[in-house]
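Morning, everyone. I have one structure to walk through today. Let me put it on the screen.

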Amino acid sequence: MNRLLSLLLALALPLAAQAQDAGVRDPVTILISIDGFRADYLDRGITPNLSRLADEGAHGKLRPSFPTKTFPNHYAMVTGKRPDNNGIVGNNMIDPRRPQVKFSLGDPKQSLDPFWWDEAEPAWITAGKAGVRTATMFWPGSEVAIGEHRPPDWLRYDEHVGYAQRVNTILDWMRRPADIRPAFATLYFEAVDDAGHKFGPDSAEVNAAISEIDKRIGDLTAGLAAMRQRAHILIVADHGMRAIDESRIVQLADLIDLASIVAVETGPYAAIEPAAGTDDRVYEALLKPHDHMTCNRREELPERLHYGHNPRVAAIICIAEPGWSIIAGTPSWPVKGGAHGYDNQDSEMLALFVASGTGLNGDVGIVDNIEVYPLLMRLIGVTPLPSDASGVLAKRLP
Ligand code: AMP
Ligand code: ZN
Ligand code: ZN
(Lines give C-alpha, C1' and ligand atoms only; values in the text may rest on other atoms or scores of the structure.)
(Ligands and ions follow the chains in the order given, each with its own letter.)
Protein backbone atom coordinates (compact mmCIF):
# COMPACT_ATOMS: atom_id res chain seq x y z
CA MET A 1 0.00 0.00 0.00
CA ASN A 2 1.55 3.34 -0.88
CA ARG A 3 2.06 5.97 1.80
CA LEU A 4 -0.56 8.35 0.46
CA LEU A 5 -3.24 5.68 0.56
CA SER A 6 -2.38 4.62 4.12
CA LEU A 7 -2.38 8.29 5.19
CA LEU A 8 -5.83 8.77 3.67
CA LEU A 9 -7.09 5.62 5.37
CA ALA A 10 -5.66 6.75 8.72
CA LEU A 11 -7.55 10.02 8.37
CA ALA A 12 -10.76 8.48 7.12
CA LEU A 13 -11.14 5.57 9.53
CA PRO A 14 -11.82 7.56 12.74
CA LEU A 15 -14.31 9.70 10.83
CA ALA A 16 -16.05 6.60 9.53
CA ALA A 17 -16.12 5.13 13.04
CA GLN A 18 -17.64 8.35 14.39
CA ALA A 19 -20.23 8.46 11.65
CA GLN A 20 -21.07 4.84 12.32
CA ASP A 21 -21.34 5.52 16.06
CA ALA A 22 -23.68 8.45 15.36
CA GLY A 23 -25.57 6.25 12.95
CA VAL A 24 -26.06 3.32 15.33
CA ARG A 25 -27.25 5.52 18.18
CA ASP A 26 -30.99 5.24 17.94
CA PRO A 27 -32.84 8.27 19.26
CA VAL A 28 -33.82 8.10 22.92
CA THR A 29 -37.14 9.46 24.19
CA ILE A 30 -36.84 11.49 27.40
CA LEU A 31 -39.95 12.59 29.28
CA ILE A 32 -39.11 15.41 31.69
CA SER A 33 -41.48 16.79 34.32
CA ILE A 34 -40.90 20.16 35.92
CA ASP A 35 -43.46 19.90 38.71
CA GLY A 36 -45.67 22.99 39.04
CA PHE A 37 -44.18 24.82 36.00
CA ARG A 38 -47.15 27.01 35.06
CA ALA A 39 -47.49 27.40 31.28
CA ASP A 40 -46.89 31.17 31.30
CA TYR A 41 -43.59 30.89 33.23
CA LEU A 42 -42.11 30.27 29.78
CA ASP A 43 -42.88 33.91 28.88
CA ARG A 44 -40.81 35.39 31.72
CA GLY A 45 -37.65 35.66 29.63
CA ILE A 46 -35.57 33.67 32.11
CA THR A 47 -35.45 30.30 30.36
CA PRO A 48 -32.91 30.46 27.51
CA ASN A 49 -32.67 26.68 27.18
CA LEU A 50 -36.37 25.84 27.39
CA SER A 51 -37.23 28.75 25.11
CA ARG A 52 -34.69 27.60 22.51
CA LEU A 53 -36.13 24.08 22.57
CA ALA A 54 -39.65 25.52 22.29
CA ASP A 55 -38.67 27.78 19.38
CA GLU A 56 -36.85 25.04 17.48
CA GLY A 57 -39.52 22.45 18.21
CA ALA A 58 -43.05 22.76 19.54
CA HIS A 59 -44.71 24.27 22.57
CA GLY A 60 -48.20 24.59 24.00
CA LYS A 61 -50.16 24.48 27.23
CA LEU A 62 -51.28 21.29 28.92
CA ARG A 63 -54.69 21.30 30.56
CA PRO A 64 -54.29 19.14 33.63
CA SER A 65 -56.88 16.60 34.65
CA PHE A 66 -58.99 17.32 37.72
CA PRO A 67 -57.89 17.31 40.51
CA THR A 68 -54.96 19.50 39.46
CA LYS A 69 -52.55 17.69 41.78
CA THR A 70 -49.21 15.97 41.31
CA PHE A 71 -49.82 12.23 41.48
CA PRO A 72 -53.10 12.09 39.50
CA ASN A 73 -51.58 14.14 36.68
CA HIS A 74 -48.23 12.42 36.47
CA TYR A 75 -50.09 9.13 36.16
CA ALA A 76 -52.51 10.61 33.59
CA MET A 77 -49.64 11.62 31.32
CA VAL A 78 -48.02 8.16 31.30
CA THR A 79 -51.28 6.18 31.00
CA GLY A 80 -53.50 8.43 28.86
CA LYS A 81 -56.23 7.87 31.44
CA ARG A 82 -57.85 10.54 33.53
CA PRO A 83 -57.67 10.07 37.32
CA ASP A 84 -61.14 8.49 37.46
CA ASN A 85 -59.87 5.75 35.15
CA ASN A 86 -56.21 5.51 36.21
CA GLY A 87 -57.08 4.97 39.87
CA ILE A 88 -54.87 7.75 41.27
CA VAL A 89 -57.77 10.08 42.04
CA GLY A 90 -55.81 12.30 44.44
CA ASN A 91 -52.56 12.85 46.30
CA ASN A 92 -54.64 11.65 49.24
CA MET A 93 -57.40 9.08 48.90
CA ILE A 94 -59.30 6.30 50.62
CA ASP A 95 -60.48 3.11 48.95
CA PRO A 96 -63.72 1.62 50.31
CA ARG A 97 -62.03 -1.78 50.07
CA ARG A 98 -59.38 -0.59 52.57
CA PRO A 99 -61.32 1.93 54.67
CA GLN A 100 -58.86 1.92 57.54
CA VAL A 101 -55.91 3.26 55.51
CA LYS A 102 -55.31 6.44 53.56
CA PHE A 103 -53.11 6.74 50.47
CA SER A 104 -50.87 9.74 50.77
CA LEU A 105 -47.88 10.67 48.61
CA GLY A 106 -45.76 11.16 51.71
CA ASP A 107 -46.53 7.72 53.15
CA PRO A 108 -44.40 5.11 51.34
CA LYS A 109 -46.24 2.20 52.97
CA GLN A 110 -49.32 3.06 50.92
CA SER A 111 -47.82 5.03 48.02
CA LEU A 112 -45.52 2.14 47.07
CA ASP A 113 -48.26 -0.49 47.28
CA PRO A 114 -49.27 -1.70 43.77
CA PHE A 115 -52.89 -1.94 44.98
CA TRP A 116 -53.29 1.78 44.30
CA TRP A 117 -51.62 1.82 40.89
CA ASP A 118 -52.79 -1.24 39.01
CA GLU A 119 -55.96 0.25 37.51
CA ALA A 120 -53.76 1.44 34.63
CA GLU A 121 -50.49 0.41 33.01
CA PRO A 122 -47.87 3.16 32.68
CA ALA A 123 -45.84 3.67 29.50
CA TRP A 124 -42.61 2.20 30.91
CA ILE A 125 -44.29 -1.14 31.56
CA THR A 126 -45.97 -1.39 28.15
CA ALA A 127 -42.68 -0.35 26.54
CA GLY A 128 -40.75 -2.94 28.58
CA LYS A 129 -43.16 -5.69 27.55
CA ALA A 130 -42.60 -4.67 23.92
CA GLY A 131 -38.84 -5.09 24.36
CA VAL A 132 -37.97 -1.40 24.73
CA ARG A 133 -35.49 -0.76 27.53
CA THR A 134 -36.66 1.88 30.01
CA ALA A 135 -35.18 3.83 32.93
CA THR A 136 -36.77 6.26 35.37
CA MET A 137 -34.94 9.06 37.12
CA PHE A 138 -38.04 9.55 39.34
CA TRP A 139 -41.70 9.68 38.29
CA PRO A 140 -44.70 9.01 40.52
CA GLY A 141 -45.48 5.30 40.22
CA SER A 142 -42.09 4.32 38.81
CA GLU A 143 -40.93 2.86 42.14
CA VAL A 144 -43.97 0.64 42.37
CA ALA A 145 -43.98 -2.96 41.13
CA ILE A 146 -47.18 -2.43 39.12
CA GLY A 147 -48.31 -5.82 37.79
CA GLU A 148 -44.95 -7.02 39.22
CA HIS A 149 -43.05 -4.94 36.65
CA ARG A 150 -40.62 -2.10 37.25
CA PRO A 151 -38.27 -0.35 34.84
CA PRO A 152 -34.88 -2.16 34.73
CA ASP A 153 -33.35 1.07 36.06
CA TRP A 154 -35.37 3.03 38.62
CA LEU A 155 -34.66 5.01 41.75
CA ARG A 156 -36.61 5.44 44.93
CA TYR A 157 -37.83 9.05 45.11
CA ASP A 158 -35.51 11.14 47.25
CA GLU A 159 -35.69 14.92 47.08
CA HIS A 160 -32.09 15.12 48.34
CA VAL A 161 -30.74 13.75 45.08
CA GLY A 162 -29.36 16.91 43.45
CA TYR A 163 -30.65 18.13 40.12
CA ALA A 164 -27.22 17.97 38.44
CA GLN A 165 -26.91 14.40 39.69
CA ARG A 166 -30.28 13.52 38.16
CA VAL A 167 -29.14 14.88 34.78
CA ASN A 168 -25.81 13.03 35.09
CA THR A 169 -27.66 9.82 35.80
CA ILE A 170 -29.53 10.17 32.50
CA LEU A 171 -26.26 10.97 30.68
CA ASP A 172 -24.54 7.98 32.29
CA TRP A 173 -27.34 5.73 31.10
CA MET A 174 -26.83 7.09 27.58
CA ARG A 175 -23.10 6.27 27.74
CA ARG A 176 -23.87 2.59 28.13
CA PRO A 177 -23.38 0.09 25.33
CA ALA A 178 -26.39 -0.08 23.03
CA ASP A 179 -27.74 -3.35 24.43
CA ILE A 180 -28.24 -1.96 27.94
CA ARG A 181 -28.89 1.68 27.01
CA PRO A 182 -32.45 2.86 27.74
CA ALA A 183 -34.56 3.94 24.77
CA PHE A 184 -37.09 5.66 27.03
CA ALA A 185 -36.27 7.55 30.22
CA THR A 186 -38.07 9.87 32.61
CA LEU A 187 -36.63 12.75 34.63
CA TYR A 188 -38.35 14.75 37.37
CA PHE A 189 -37.66 18.07 39.15
CA GLU A 190 -39.67 19.46 42.11
CA ALA A 191 -37.89 22.82 42.68
CA VAL A 192 -40.39 25.04 40.86
CA ASP A 193 -43.39 23.51 42.64
CA ASP A 194 -41.66 23.76 46.03
CA ALA A 195 -40.86 27.45 45.55
CA GLY A 196 -44.36 28.09 44.18
CA HIS A 197 -45.94 26.67 47.34
CA LYS A 198 -43.65 28.48 49.76
CA PHE A 199 -43.38 31.87 48.10
CA GLY A 200 -46.15 32.10 45.49
CA PRO A 201 -45.97 32.04 41.68
CA ASP A 202 -44.84 35.68 41.34
CA SER A 203 -41.89 35.42 43.73
CA ALA A 204 -38.19 35.87 43.08
CA GLU A 205 -37.73 32.39 44.55
CA VAL A 206 -39.89 30.83 41.83
CA ASN A 207 -37.89 32.68 39.19
CA ALA A 208 -34.66 31.40 40.74
CA ALA A 209 -36.01 27.83 40.67
CA ILE A 210 -37.12 28.24 37.03
CA SER A 211 -33.62 29.47 36.08
CA GLU A 212 -31.95 26.65 37.94
CA ILE A 213 -33.98 23.94 36.23
CA ASP A 214 -33.54 25.68 32.87
CA LYS A 215 -29.76 25.38 33.37
CA ARG A 216 -30.07 21.69 34.14
CA ILE A 217 -32.08 21.21 30.93
CA GLY A 218 -29.23 22.99 29.14
CA ASP A 219 -26.72 20.59 30.75
CA LEU A 220 -28.79 17.67 29.55
CA THR A 221 -29.03 18.81 25.94
CA ALA A 222 -25.32 19.74 25.89
CA GLY A 223 -24.38 16.34 27.32
CA LEU A 224 -26.50 14.52 24.77
CA ALA A 225 -25.04 16.60 21.93
CA ALA A 226 -21.48 15.85 23.12
CA MET A 227 -22.08 12.12 22.76
CA ARG A 228 -24.09 12.60 19.55
CA GLN A 229 -27.13 11.10 21.16
CA ARG A 230 -30.24 12.13 19.27
CA ALA A 231 -33.26 12.59 21.51
CA HIS A 232 -36.98 13.13 21.39
CA ILE A 233 -37.46 15.35 24.43
CA LEU A 234 -40.88 16.05 25.93
CA ILE A 235 -40.88 18.60 28.75
CA VAL A 236 -44.13 18.75 30.68
CA ALA A 237 -45.59 19.93 33.96
CA ASP A 238 -48.41 18.40 35.96
CA HIS A 239 -50.29 21.64 36.83
CA GLY A 240 -49.75 25.35 37.38
CA MET A 241 -49.76 27.43 40.56
CA ARG A 242 -51.96 30.15 42.02
CA ALA A 243 -51.34 32.67 44.79
CA ILE A 244 -53.29 32.05 48.01
CA ASP A 245 -53.51 33.98 51.28
CA GLU A 246 -55.22 33.94 54.65
CA SER A 247 -57.81 36.52 53.57
CA ARG A 248 -59.46 34.01 51.22
CA ILE A 249 -60.45 31.05 53.36
CA VAL A 250 -63.59 28.91 53.44
CA GLN A 251 -63.69 27.35 56.91
CA LEU A 252 -65.70 24.11 56.90
CA ALA A 253 -66.09 24.39 60.69
CA ASP A 254 -68.32 27.44 60.05
CA LEU A 255 -70.69 25.23 58.03
CA ILE A 256 -70.66 21.90 59.77
CA ASP A 257 -69.59 20.05 62.90
CA LEU A 258 -66.14 18.77 61.93
CA ALA A 259 -66.80 15.58 63.94
CA SER A 260 -69.41 14.66 61.33
CA ILE A 261 -66.94 14.53 58.41
CA VAL A 262 -63.63 13.03 57.36
CA ALA A 263 -61.76 15.56 55.22
CA VAL A 264 -59.58 13.35 53.01
CA GLU A 265 -58.20 16.43 51.21
CA THR A 266 -58.40 20.17 51.88
CA GLY A 267 -57.06 23.21 50.04
CA PRO A 268 -58.09 24.30 46.54
CA TYR A 269 -60.51 21.39 46.60
CA ALA A 270 -61.85 19.34 49.47
CA ALA A 271 -62.70 15.64 49.40
CA ILE A 272 -65.18 14.91 52.17
CA GLU A 273 -66.67 11.70 53.53
CA PRO A 274 -69.57 11.92 55.97
CA ALA A 275 -68.64 10.17 59.22
CA ALA A 276 -70.72 7.06 59.97
CA GLY A 277 -74.39 7.86 60.70
CA THR A 278 -74.17 11.57 59.80
CA ASP A 279 -74.94 11.49 56.06
CA ASP A 280 -78.12 13.56 55.86
CA ARG A 281 -76.88 16.46 57.96
CA VAL A 282 -73.58 16.58 56.06
CA TYR A 283 -75.18 16.58 52.62
CA GLU A 284 -77.70 19.21 53.66
CA ALA A 285 -75.05 21.54 55.07
CA LEU A 286 -72.52 21.19 52.26
CA LEU A 287 -74.58 20.83 49.09
CA LYS A 288 -76.33 24.18 49.41
CA PRO A 289 -74.78 27.23 47.69
CA HIS A 290 -71.76 28.84 49.40
CA ASP A 291 -69.64 31.86 48.73
CA HIS A 292 -66.30 30.97 47.07
CA MET A 293 -66.91 27.21 46.97
CA THR A 294 -69.12 24.75 45.10
CA CYS A 295 -69.86 21.30 46.53
CA ASN A 296 -71.31 18.35 44.65
CA ARG A 297 -72.03 14.73 45.34
CA ARG A 298 -69.37 12.88 43.44
CA GLU A 299 -71.98 11.47 41.02
CA GLU A 300 -73.19 14.98 40.22
CA LEU A 301 -69.93 16.71 39.35
CA PRO A 302 -69.94 18.52 36.00
CA GLU A 303 -69.32 16.03 33.17
CA ARG A 304 -66.38 18.11 31.88
CA LEU A 305 -64.37 17.19 34.99
CA HIS A 306 -64.56 13.46 34.11
CA TYR A 307 -64.40 12.79 37.82
CA GLY A 308 -66.50 11.00 40.41
CA HIS A 309 -67.12 7.51 39.06
CA ASN A 310 -64.17 5.85 40.74
CA PRO A 311 -65.12 4.53 44.22
CA ARG A 312 -61.94 6.16 45.55
CA VAL A 313 -63.44 9.62 44.95
CA ALA A 314 -64.91 10.89 48.23
CA ALA A 315 -68.71 11.24 48.53
CA ILE A 316 -68.63 15.07 48.39
CA ILE A 317 -66.20 17.14 46.33
CA CYS A 318 -66.03 20.87 47.06
CA ILE A 319 -64.05 23.06 44.67
CA ALA A 320 -62.86 26.49 45.82
CA GLU A 321 -63.08 29.59 43.65
CA PRO A 322 -59.56 30.11 42.24
CA GLY A 323 -57.33 31.70 44.89
CA TRP A 324 -59.49 30.51 47.79
CA SER A 325 -58.60 27.74 50.23
CA ILE A 326 -60.98 25.30 51.90
CA ILE A 327 -59.83 24.33 55.38
CA ALA A 328 -61.21 22.13 58.17
CA GLY A 329 -60.31 23.65 61.52
CA THR A 330 -56.64 24.50 61.88
CA PRO A 331 -54.89 23.63 58.60
CA SER A 332 -51.77 21.47 58.71
CA TRP A 333 -50.30 23.65 55.94
CA PRO A 334 -49.73 27.42 55.84
CA VAL A 335 -52.39 29.30 53.88
CA LYS A 336 -49.95 31.52 52.02
CA GLY A 337 -47.66 31.36 48.99
CA GLY A 338 -49.22 29.24 46.28
CA ALA A 339 -51.42 26.21 45.70
CA HIS A 340 -52.94 24.06 42.97
CA GLY A 341 -55.83 21.62 42.86
CA TYR A 342 -58.46 24.02 41.45
CA ASP A 343 -60.87 23.35 38.59
CA ASN A 344 -58.85 22.39 35.53
CA GLN A 345 -60.56 25.20 33.56
CA ASP A 346 -58.61 27.72 35.66
CA SER A 347 -56.04 29.29 33.31
CA GLU A 348 -53.48 29.42 36.13
CA MET A 349 -53.58 25.62 36.37
CA LEU A 350 -52.34 25.28 32.76
CA ALA A 351 -48.97 23.55 32.57
CA LEU A 352 -45.81 23.62 30.46
CA PHE A 353 -45.47 21.66 27.24
CA VAL A 354 -42.32 21.73 25.10
CA ALA A 355 -41.33 19.11 22.53
CA SER A 356 -37.88 18.99 20.97
CA GLY A 357 -36.55 16.72 18.23
CA THR A 358 -39.90 15.00 17.85
CA GLY A 359 -41.09 16.30 14.47
CA LEU A 360 -43.77 18.44 16.16
CA ASN A 361 -43.54 22.12 15.29
CA GLY A 362 -44.98 25.46 16.33
CA ASP A 363 -47.65 26.27 18.87
CA VAL A 364 -49.94 23.30 19.55
CA GLY A 365 -52.32 25.41 21.67
CA ILE A 366 -54.10 24.08 24.76
CA VAL A 367 -54.16 20.28 24.88
CA ASP A 368 -55.48 17.88 27.55
CA ASN A 369 -52.53 16.33 29.33
CA ILE A 370 -53.72 12.77 28.66
CA GLU A 371 -52.66 13.46 25.04
CA VAL A 372 -49.02 13.23 26.12
CA TYR A 373 -49.44 9.44 26.33
CA PRO A 374 -50.19 8.58 22.66
CA LEU A 375 -47.50 11.03 21.57
CA LEU A 376 -44.98 9.43 23.90
CA MET A 377 -45.87 5.93 22.70
CA ARG A 378 -45.53 6.98 19.03
CA LEU A 379 -42.07 8.38 19.80
CA ILE A 380 -41.03 5.20 21.60
CA GLY A 381 -42.46 3.12 18.76
CA VAL A 382 -44.84 1.07 20.91
CA THR A 383 -48.58 0.64 20.34
CA PRO A 384 -50.45 2.53 23.07
CA LEU A 385 -53.03 0.75 25.20
CA PRO A 386 -56.64 1.95 24.96
CA SER A 387 -56.93 5.23 26.86
CA ASP A 388 -59.05 8.37 27.30
CA ALA A 389 -56.88 10.30 24.84
CA SER A 390 -58.00 11.20 21.31
CA GLY A 391 -54.49 11.17 19.85
CA VAL A 392 -54.78 14.80 18.77
CA LEU A 393 -51.10 15.52 19.52
CA ALA A 394 -49.73 12.25 18.13
CA LYS A 395 -51.64 12.89 14.88
CA ARG A 396 -49.63 16.08 14.38
CA LEU A 397 -46.43 14.06 14.01
CA PRO A 398 -45.25 13.88 10.43
P1 AMP B 1 -48.09 18.39 45.53
O2 AMP B 1 -48.45 18.22 46.96
O3 AMP B 1 -49.19 17.97 44.61
O4 AMP B 1 -47.55 19.73 45.25
O5 AMP B 1 -46.89 17.36 45.28
C6 AMP B 1 -45.57 17.74 44.97
C7 AMP B 1 -44.61 16.93 45.77
O8 AMP B 1 -44.68 15.57 45.38
C9 AMP B 1 -43.17 17.32 45.51
O10 AMP B 1 -42.75 18.30 46.43
C11 AMP B 1 -42.43 16.03 45.71
O12 AMP B 1 -41.68 16.06 46.90
C13 AMP B 1 -43.50 14.97 45.80
N14 AMP B 1 -43.17 13.84 44.93
C15 AMP B 1 -42.89 13.89 43.63
N16 AMP B 1 -42.62 12.67 43.14
C17 AMP B 1 -42.73 11.82 44.17
C18 AMP B 1 -42.59 10.42 44.31
N19 AMP B 1 -42.26 9.66 43.26
N20 AMP B 1 -42.81 9.90 45.53
C21 AMP B 1 -43.16 10.66 46.57
N22 AMP B 1 -43.31 11.99 46.51
C23 AMP B 1 -43.11 12.58 45.32
ZN1 ZN C 1 -47.15 18.82 41.20
ZN1 ZN D 1 -47.43 21.23 44.42
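First, the ground rules. This is a predicted model: local features need pLDDT of at least 70, side-chain atom pairs count only at pLDDT 80 or more, and totals for chains, interfaces and linings use all residues. Residues are numbered from 1 along each chain as its sequence is written, chains are lettered from A and ligands numbered from 1 in the order in which they are written, and side-chain values use heavy atoms, with hydrogens and water left out.

Domains. The protein splits into domain 1 (25-241 + 344-396) and domain 2 (246-335). Those bounds come from an automatic or database domain assignment. Their C-alpha centres are 29 Å apart. Across the boundary, 23 residues of domain 1 are in contact with 18 residues of domain 2. Contact here means heavy atoms within 4.5 Å.

Now the cores. A nonpolar core is a set of buried Ala, Val, Leu, Ile, Met, Phe, Trp, Tyr and Cys residues joined through side-chain atoms within 4.5 Å. Buried means under 20% relative accessible area, exposed over 50%, and partly exposed in between, with a 1.4 Å probe and protein chains only. The largest core has 95 residues, and Ile34, Phe37, Ile235, Ile317 and Phe353 touch the most other members. Each of domain 1 and domain 2 puts at least three residues into this core. A second, separate core has 24 residues, including Ile244, Ile261, Trp324 and Val335.

Take Phe353. What does Phe353 contact, leaving aside neighbours within four places in sequence? Its partners include Ala58, His59, Gly60, Lys61 and Leu62. Leu234, Ile235 and Val236 are also among them, as are Leu360, Val364, Leu375 and Leu393.

Next, two strand residues. Helices (H or I, at least four residues) and strands (E, at least two) are DSSP runs, numbered from the N terminus. Leu31 sits in strand β1. Leu31 is buried, with a relative accessible area of 0%. Not counting residues up to four places away, Leu31 touches Val78, Trp139, Phe184, Ala185, Thr186, Leu187, Leu234, Val236, Val372 and Leu376. Look at the pair Leu31 and Thr186: 155 residues apart in sequence, 4.7 Å apart in space, C-alpha to C-alpha.

Thr186 turns up again in the contacts of Thr136. Thr136 belongs to strand β5 (residues 134-137). Thr136 is buried, at a relative accessible area of 1%.

On to helix α8, residues 191-199. Ala191, Val192, Asp193, Ala195 and Gly196 are its buried residues. What covers them? The cover includes β1 (28-34), α7 (163-174), β7 (184-189), α9 (204-226) and β16 (337-339). Just after α8, Gly200 takes a positive phi of about 90 degrees.

Now the pockets. On a 1 Å grid over the protein atoms alone, a cavity is a set of points where a 1.4 Å probe fits but cannot get out, while a pocket is an open set with protein on both sides within 12 Å along at least five of seven lines; lining residues have an atom within 4 Å of a point. Grid points are joined across faces, edges and corners, and a volume is the space filled by probe spheres set on the points.

The largest pocket has a volume of about 1,200 Å³. Of its 45 lining residues, Thr70, Asn91, Leu105, Asp193 and His197 are closest to the centre. Helix α8 supplies the largest share of that lining, 4 residues. Both domain 1 and domain 2 give at least three residues to the lining.

The second largest pocket holds about 150 Å³. α2 (48-56), β2 (58-63) and β18 (362-368) each supply at least two of its lining residues. His59, Gly60 and Lys61 are among the residues that line it.

Last, the cavity. The count is 1 cavity of 30 Å³ or more. Of 14 lining residues, Asn92, Met93, Ala271, Arg312 and Ala314 are closest to the centre. β12 (269-274) gives the most to the lining, with 3 residues. Where does this cavity lie? Domain 1 and domain 2 both give residues to its lining, so the cavity lies between them.
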